Amino acid sequence: MSFCVLGTGSYAPPKVVTNDDLASFLETSDEWIRERTGIRQRHVCEKESACDLAYQAALAALEQSGVKAEELDMILCATISSDFSTPSMACVVQKRLGASCPAMDISAACSGFLFLLDTAAGFFARGRVKKMLVIGAERISRLLDWDDRSTCVIFGDGAGAMVLGEGENYLVSQLSSKGDDEVIRTPVFEGKSPFNKREQENPYIHMKGQETFRFAVTAMTHDLKNLIAQAGFSEGDIDWVVPHQANIRIIDAAKKRLNIPPERFCVNIDRYGNTSAASIPMMMDELNRSGKLKRGDLMALCAFGGGLSSAACILRW
Amino acid sequence: MIFEKLVAVLADHVDCDPSSVTMDTTFEELGVDSLDTVDMVMELEEELGIELELDEKISTVGEMVKLVEEKMGEKE
């Protein structure tokens with residue numbers, strides 16, 4: 001027993017920031033950003049909190065699925081940018097939805113949503129849940145050094161959600177971690193303990209671009225090849241590839257190394273930037289609501305990012 | 001041989017006239033940015049079965065060729 005997807009939802013804060021908007025205060029240009037990342041614009045929170053984004057995406061997914069909040073057996077959120085260390089984002093969403101089930105967050109950076117789906121699959125396999133709400137939601141703008149043009153132009157805010165029910169549509173998956181605190185790191189605020197002797201690092205995202213690129217392309221290529229073979233399919237059988245939207249150059253580099261027709265790779269980074277754990281569920285919602293998906297379509301989802309972590313799974317829609 | 005391979009990889013990535021590329025040509029003049037560099041390093045690694053370090057600041061075609069040749073030498 002695994003799960004099937006009963007509904008999807010997503011939400012991005014209304015404020016759109018274009019590359020030209022950024023070029024008005026950063027030494028950068030629309031051309032540089034587009035060529036290097038594929039991004040034209042991103043959504044950025046003003047008054048919205050990360051939990052607001054998660055809640056709105058959840059409402060949309062619940063509405064599409066026809067499932068009521070009271071029916072939920074569990075809520076899981078993937079995030080690295082919630083508004084509180086405690087309560088978890090999932091608990092805040094639980095309260096606002098009027099649900100009464102256990103709720104917790106998962107921290108696996110940009111791979112978070114796929115780590116979360118695998119966790120969800122475990123609860124379904126044990127017969128512990130019949131209906132789950134899973135959300136990837138990020139207010140990454142809070143964690144960016146807005147003076148660092150190498151990072152602040154890449155990310156955006158947003159949330160995506162799915163309502164899962166019992167089913168057999170989650171076919172295969174794999175999760176990988178390669179512990180590293182140098183390639184991608186976001187240090188915390190050290191606090192004001194009178195006994196603290198640790199240095200305060202900039203509490204923002206630090207990312208080594210070349211190493212991240214190399215890790216991401218290798219992970220995406222290997223994970224997809226291995227998983228597709230493990231499931232007994234050939235690469236040409238995959239109808240849709242939904243990659244984490246980190247950088248169009250990563251997706252393009254992986255396309256060259258895979259035998260999946262390039263037009264099957266889904267991209268929306270041009271409009272949303274890198275929304276970390278939200279990127280896959282946001283892309284899934286966009287695809288679902290576009291009417292392009294057909295029941296039975298084979299979808300390969302893959303993600304890679306801080307941890308370092310990577311994950312991939314194959315779903316039958 | 002390595003030089004020819006690298007020129008072929010470059011021609012795949014950027015619009016350039018392969019016959020005009022020399023050991024002194026810089027990646028900047030070719031419009032190759034740091035992500036292209038990593039992608040090309042990875043392609044060379046895959047083709048030649050070697051591992052290259054990204055620590056070096058490689059700015060010319062000649063520097064890349066030298067790095068690859070050193071690694072190939074170590075392999076033998």
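A:G209, A:Q210, A:F213, A:R214 and A:V217 in α6(A) meet B:S34, B:L35, B:V38 and B:M42 in α3(B). Here, two residues are in contact if their C-beta atoms, placed from the backbone, lie within 7 Å. Helices (H or I, at least four residues) and strands (E, at least two) are DSSP runs, numbered from the N terminus. By class, this contact of α6(A) with α3(B) has five nonpolar, three polar and one charged residues. Nonpolar covers Ala, Val, Leu, Ile, Met, Phe, Trp, Tyr, Cys and Pro; charged covers Asp, Glu, Lys and Arg; the others, Gly among them, are polar.

This is a predicted model: local features need pLDDT of at least 70, side-chain atom pairs count only at pLDDT 80 or more, and totals for chains, interfaces and linings use all residues. Residues are numbered from 1 along each chain as its sequence is written, while chains are lettered from A and ligands numbered from 1 in the order in which they are written.

**Where the chains touch**

Nine residues of chain A are in contact with seven residues of chain B. On the chain A side, α6 (209-230) and α7 (248-257) each give two or more residues. The largest share, six residues, comes from α6(A). The chain A side divides into three nonpolar, two polar and four charged residues.

Axes are lines fitted to C-alpha atoms, for helices over the stretch in contact, and angles run from 0 to 180 degrees between N-to-C directions. The table sets out two pairs.

| Helix pair | Axes come within | Crossing angle | Hand |
|---|---|---|---|
| α6(A) and α3(B) (residues 34-48) | 9 Å | roughly 45 degrees | right-handed |
| α3(A) (residues 50-65) and α4(A) (residues 89-97) | 9 Å | roughly 55 degrees | right-handed |

A crossing is right-handed if the near helix is turned clockwise from the far one by less than a right angle, and left-handed if anticlockwise. α6(A) and α3(B) are therefore oblique to each other. Angles under 35 degrees count as roughly parallel, over 145 as roughly antiparallel, 65 to 115 as roughly perpendicular and the rest as oblique.

Within chain A, α3(A) uses A:A50, A:C51, A:A54, A:Y55 and A:A58, and α4(A) uses A:M89, A:V92, A:V93, A:R96 and A:L97. That contact has nine nonpolar, no polar and one charged residues.

**A five-stranded sheet**

Five strands of chain A form an open sheet in the order β1-β7-β6-β4-β5, with mixed pairing. Two strands pair if DSSP finds at least two bridges between them. β1 (2-11) and β5 (103-106) stand at the edges with a single partner strand each, so one side of each has no neighbour in the sheet. The twist averages 20 degrees from one strand to the next.

β4(A) (residues 74-78) and β5(A) pair in the parallel sense over four bridges. A:C77 has A:D105 as its bridge partner in β5(A). α3(A) lies across β1, β4, β6 and β7 of chain A, at about 125 degrees to β1(A).

**An enclosed strand**

Seven of the eight residues of β13(A) (residues 309-316) are buried, so this strand is largely enclosed by the rest of the structure. Buried means that 20 or more other C-beta atoms lie within 10 Å of the residue's own. β13(A) pairs with β8(A) (residues 170-177) in the antiparallel sense over seven bridges. It also pairs with β12(A) (residues 298-305) in the antiparallel sense, over eight bridges. β12(A) and β13(A) form a hairpin with three residues between them, and A:G307 in the turn has a positive phi of about 145 degrees.

Note on methods. Buried ≥ 20, exposed ≤ 12 C-beta atoms within 10 Å, placed from the backbone.
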